[in-house]
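Reader: Could you walk me through this one while I have it open on my screen? I'd like to jump between topics as we go.

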Amino acid sequence: MRIIAVTAVTLLTVGLSNPAAALAITPPQVDRLSVPADGSPSPDQPMRQSNVCATAIAAEEPDVSLPAAGFTMLNIADAWKYSTGAGVSVAVIDTGVTPGPRLPALPGGDYITGGDGLSDCDAHGTIVASVIAAKASRTDGVVGVAPDASVISIRQSSRAFEPTSFGSGDIEARKKAGTVSTLARAIVHAANLGARVINVSVTACISSAEPLDQRTIGAAAWYAATVKDAVIVAAAGNVGEEGCAQNATLHPSHPGDRRDWSNVRTISSPSWFSDYVLSVGAVTAAGSPIDKSLAGPWVGVAAPGAGVTGLSPGPVNAHPPARPGEKAVPLWGTSFSAAYVSGVAALVRARFPHLSAHQVVNRILQTAHSPARGVDNTIGHGVVDPVAALTFDIPPGEFAPAGPQSRVLTIPAAPPAPDHRARNIGVILAVIAILGAMIVPLLSLARRSR
């Protein structure tokens with residue numbers, strides 16, 4: 001998962017007057033009138049490259065010659081008996097994708113440099129995309145969950161770029177490019193490109209005590225999921241990365257707060273728009289929750305987030321050590337968990353093309369392996385089960401989210417303009433009468449003069 005900068009947005013007061021009250025948040029509302037306009041992808045402000053491009057390597061463990069542990073855990077090979085994702089397009093909103101023979105990608109645009117999106121300077125988006133849709137090879141074990149799905153690459157974030165100019169308060173913006181604003185625009189753009197699944201492995205972690213204006217990103221998620229019928233899958237977030245403080249796993253304060261919204265310390269966006277976004281937590285290959293997977297009442301399901309292998313552009317499984325003598329850093333995190341679930345969503349959409357985005361999400365939730373308490377803020381409804389999602393007899397459920405209308409702001413229509421026609425006619429007649437009274441004496445004087 002990549003954390004995006006939260007600059008270029010304004011503070012939003014939501015009836016919270018102090019930090020203590022701010023913890024008692026509720027599911028967010030969505031203003032449908034705030035959907036950002038689509039257009040040619042471009043950054044909010046000019047960018048420059050400030051760091052060298054990152055690389056990924058193939059370390060000894062996990063063995064890239066074998067299928068990833070998560071691939072085996074989810075029994076993906078058996079799922080291919082029913083679907084391989086053919087005909088489904090998956091938009092990857094990330095650091096870009098460097099395409100290759102085993103990972104072809106369509107250009108979706110670039111919110112960093114204004115390019116086509118087919119450039120990855122962070123060795124992240126390409127790996128995420130390969131977990132979703134890489135094609136198999138006889139030389140290694142790397143393969144995607146939905147190898148016959150197509151990838152649309154949209155570059156929206158990068159640690160290698162920064163704004164060319166920034167104010168004294170923009171310290172966070174110097175760390176990387178990408179904002180909540182560009183993420184909202186990227187979601188709308190992906191939906192308009194016809195993506196059936198949208199993978200968002202970038203997250204904005206925001207303190208619940210100081211919430212930021214989320215109207216555009218909430219409206220973008222609503223638009224993509226309902227108007228354009230796209231399944232949006234997002235990483236839940238990784239604890240310790242730029243403002244991601246852990247939330248309570250599950251300690252509901254009262255019966256009406258089953259998912260424990262009242263104890264939220266960190267908001268994960270766009271995940272917390274859970275009516276429209278399927279948020280994914282991370283587990284080990286043994287199915288145990290990873291401690292650093294950000295918990296929250298919006299988490300829907302979980303998937304493997306450790307022992308990750310991918311392409312960049314060859315088989316990789318780690319980042320190189322930061323200093324001589326240190327070990328390579330394994331690939332892990334909710335970014336890759338989300339990628340697994342996006343692959344599963346592509347499999348389901350290919351097998352059940354008549355299902356709406358919400359019904360696809362419902363099928364994934366209903367067939368997940370539930371935790372002991374039935375729901376959990378770390379793994380949601382449980383670890384996804386691709387074979388069950390493709391084969392179980394599950395009622396389709398509601399075509400659209402059952403309760404979102406209560407969370408959609410209905411902006412009252414502006415009152416009609418007052419009707420001033422009678423007044424205007426009266427004024428015109430009065431002016432004509434006055435002019436007539438002035439002209440008659442002048443005409444009489446002119447006749448006497450002649």
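Reader: Let me start with a detail: is Arg 48 buried, partly exposed or exposed?
Author: Keeping in mind that this is a predicted model, Arg 48 is partly exposed, with a relative accessible area of 36%.

Reader: And which residue forms a salt bridge with Arg 48?
Author: The partner is Glu 162, and the closest N and O atoms of the pair are 2.8 Å apart.

Reader: Is Glu 162 buried or exposed?
Author: Glu 162 counts as buried, at 7% relative accessibility, whereas Arg 48 is partly exposed.

Reader: How many salt bridges are there by this count?
Author: The count comes to 9. One of them joins the side chains of Arg 155 and Asp 110, at 2.9 Å from N to O. Arg 155 lies in strand S6 and Asp 110 in strand S5, so that pair ties together parts 45 residues apart in sequence. Both Arg 155 and Asp 110 are buried.

Reader: Which residues are linked in a network of salt bridges?
Author: Arg 196, Asp 229 and Arg 349 are linked in such a network. Within it, the side chains of Arg 196 and Asp 229 meet at 3.6 Å, N to O. Arg 196 sits in the loop between H5 and S8, and Asp 229 in the loop between H6 and strand S10 (231–235), so the pair ties together parts that are 33 residues apart in sequence. As for accessibility, Arg 196 is partly exposed, with a relative accessible area of 26%, while Asp 229 is buried, at 17%.

Reader: Since H5 and H6 came up, at roughly what angle do their axes cross?
Author: The axes of helix H5 (residues 180–192) and helix H6 (residues 215–227) cross at roughly 10° and come within 8 Å. Angles under 35 degrees count as roughly parallel, which makes H5 roughly parallel to H6.

Reader: Which residues of the two helices meet there?
Author: From H5 there are Val 180, Leu 183, Ala 184, Ile 187, Val 188, Ala 191 and Asn 192, and they meet Thr 216, Ile 217, Ala 220, Ala 221, Tyr 223 and Ala 224 in H6. Sorted by class, the contact between H5 and H6 has 11 nonpolar residues, 2 polar ones and no charged ones.

Reader: Changing topic, which residues touch the most other members in the largest nonpolar core?
Author: That core has 64 residues, and those touching the most other members are Val 231, Val 301, Val 341, Val 348 and Ile 364. Helix H7 (residues 334–351) gives the most to this core, with 10 residues. A second, separate core has 42 residues, including Ile 25, Leu 183, Ala 220 and Tyr 223.

Reader: What does Ile 364 touch, sequence neighbours aside?
Author: Not counting residues up to four places away in sequence, Ile 364 touches Leu 278, Val 301, Val 344, Ala 345, Val 348 and Val 384.

Reader: Now helix H4: why is it described as largely enclosed?
Author: Helix H4 (residues 125–133) has 9 of its 9 residues buried, so it is largely enclosed by the rest of the structure. What covers those buried residues includes strands S4 (89–94), S6 (150–155), S8 (197–200), S14 (310–311) and S15 (315–316), together with H7.

Reader: Last one, for the whole chain: how many helices and strands does it have?
Author: The chain has 10 helices and 18 strands, and 51% of its 450 residues count as buried. Among contacts between residues at least 6 apart in sequence, 80% join residues at least 24 apart.

Terms used:
Residues numbered from 1 in each chain as written. Predicted model: local features only at pLDDT ≥ 70, side-chain atom pairs only at ≥ 80, totals over all residues. Heavy atoms only, no water. Core = buried A, V, L, I, M, F, W, Y, C linked by side-chain atoms within 4.5 Å. Buried < 20%, exposed > 50% of the residue type's maximum accessible area, 1.4 Å probe, protein only. Helix = DSSP H or I, 4+ residues; strand = E, 2+ residues; numbered from the N terminus. Contact = heavy atoms within 4.5 Å. Axes fitted to C-alpha atoms, helices over the stretch in contact; angles between N-to-C directions. Parallel < 35°, antiparallel > 145°, perpendicular 65-115°, else oblique. Nonpolar A, V, L, I, M, F, W, Y, C, P; charged D, E, K, R; others polar. Salt bridge = Lys/Arg side-chain N within 4 Å of Asp/Glu carboxyl O.
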